[in-house]
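Subject: Structure handover

Hello,

Here is the structure for your files. Please look it over before reading on.

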Amino acid sequence: MMQVRSILFLAILAIAPGFGGGEARAASDNLAIWPDIKAALFEGREIHDGAGLLQLEAPVRAYDAAIVPITVVAEIPQTAERYIRSVHLIIDENPAPVAGVFHFTPDSGSASFSTRVRVNAYTNIRAIAETSDGELYMATRFVKAAGGCSAPALKDAESAMANIGKMKLKQTDDVVLQEVNQAQILISHPNYSGMQFDQITRTYIPAHFVQKIRVSYGDRTIMTVDADISLSENPSVHFHYLPEAAGAITVEVKDSEGMTYDRSWPMTPAPAS
């Protein structure tokens with residue numbers, strides 16, 4: 001992931017000397033960088049229209065470019081016969097276009113998820129799903145926002161580091177056996193992008209961000225995320241899971257400095273009605 005991010009960043013600089021121009025760049029077909037991103041990530045593979053397989057929900061104009069809510073709605077169930085294996089969440093005009101790659105299994109129940117991202121300029125945001133048969137499908141939304149990757153952190157560095165790695169799990173409803181349940185994980189982490197300026201030291205804050213998230217139920221993996229700087233500060237992910245018995249949700253996190261964090265929450269699902 002880091003290698004791909006670096007390649008894409010260099011490609012962006014090479015083809016767009018005025019990088020960061022926001023609305024003007026988004027309006028210019030000559031500076032469109034999606035073909036370069038597509039070539040780097042998918043190497044000429046065909047990408048189908050995602051209608052009927054997934055939807056992408058995003059605001060037309062973001063209230064805050066540093067915490068833009070994104071929802072991917074999977075329109076097929078996760079079954080052993082056919083399921084969504086992964087979803088690339090791509091923000092074309094960001095310095096690191098790949099915000100995250102979300103991996104799923106049949107045990108996920110649903111590949112729908114929500115998260116929050118940084119948006120650096122007016123841009124297309126894309127969700128590209130790969131199904132278990134190796135086919136690719138895309139949904140796209142255009143979002144008007146700018147400056148999200150360089151926006152100041154919400155907390156000072158001392159407060160952010162004091163709470164780094166703390167996690168909360170929020171359950172949407174009562175947990176029910178053999179039904180698709182939804183939950184939200186919140187991770188306390190500054191997720192520094194490397195583009196934020198410290199007004200006290202007059203230097204840029206080094207990048208330090210969540211790189212890997214793994215969510216499991218019992219001994220089964222529900223979701224893994226390969227993440228990058230485009231996820232917002234204090235990452236949040238809504239996800240789904242399909243419990244077959246009592247167990248525990250475990251979340252393991254690794255960041256770009258090699259720091260690791262984990263926490264478990266026991267679950268006692270009620271029988272399906």
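Below are notes on the fold, the sheet, the cores and the salt bridges.

The model is predicted: local features need pLDDT of at least 70, side-chain atom pairs count only at pLDDT 80 or more, and totals for chains, interfaces and linings use all residues. Residues are numbered from 1 along each chain as its sequence is written, and side-chain values use heavy atoms, with hydrogens and water left out.

**Overview**

The protein chain has four helices and 17 strands. These are DSSP runs, numbered from the N terminus (helices: H or I, at least four residues; strands: E, at least two). Of the 273 residues, 48% are buried. Buried means under 20% relative accessible area, exposed over 50%, and partly exposed in between (1.4 Å probe, protein chains only). The accessible surface is about 12,500 Å², and carbon and sulfur atoms hold 52% of that. Areas come from the Shrake-Rupley method with a 1.4 Å probe; for residues, only the protein chains shown count as cover. Take the contacts between residues at least 6 apart in sequence: 68% of them join residues at least 24 apart. A contact is heavy atoms within 4.5 Å.

Nine strands make an open, mixed sheet, in the order 1-8-7-4-5-14-13-16-17. Two strands pair if DSSP finds at least two bridges between them. Strand 1 (47-49) and strand 17 (260-267) are the edges, each pairing on one side only. From one strand to the next, the twist averages 20°. Strand 7 (residues 123-131) and strand 8 (residues 136-143) run antiparallel and are joined by eight bridges. In that pair, N124 stands opposite F142. Helix 3 (residues 34-42) packs on the sheet and touches strand 1, strand 4 (84-91), strand 5 (98-104), strand 7 and strand 8. The direction of helix 3 makes about 145° with that of strand 4. Axes are lines fitted to C-alpha atoms, for helices over the stretch in contact; angles run from 0 to 180 degrees between N-to-C directions.

**Cores**

The largest nonpolar core has 54 residues. Such a core is a set of buried Ala, Val, Leu, Ile, Met, Phe, Trp, Tyr and Cys residues joined through side-chain atoms within 4.5 Å. V117, M223, F239, Y241, I249 and V251 touch the most other members. A second, separate core has twelve residues, including I33, I47, V98 and M138.

**Salt bridges**

A search of the whole structure gives seven. The criterion is a side-chain nitrogen of Lys or Arg within 4 Å of a carboxyl oxygen of Asp or Glu.

- R126 and D92 meet at 2.8 Å, N to O. R126 lies in strand 7 and D92 in the loop between strand 4 and strand 5, so the pair ties together parts 34 residues apart in sequence. Both residues are buried.
- R214 and E252 have their closest N and O atoms 2.6 Å apart. The pair links strand 13 (residues 210-217) to strand 16 (residues 247-255), 38 residues apart. R214 is partly exposed at 28% relative accessibility, and E252 is partly exposed at 32%.
- D133 and R82 have their closest N and O atoms 4.0 Å apart. D133 is in the loop between strand 7 and strand 8, and R82 is in the loop between strand 3 (68-74) and strand 4, 51 residues away.
- R45, R85 and E130 are linked in a salt-bridge network.

Best wishes
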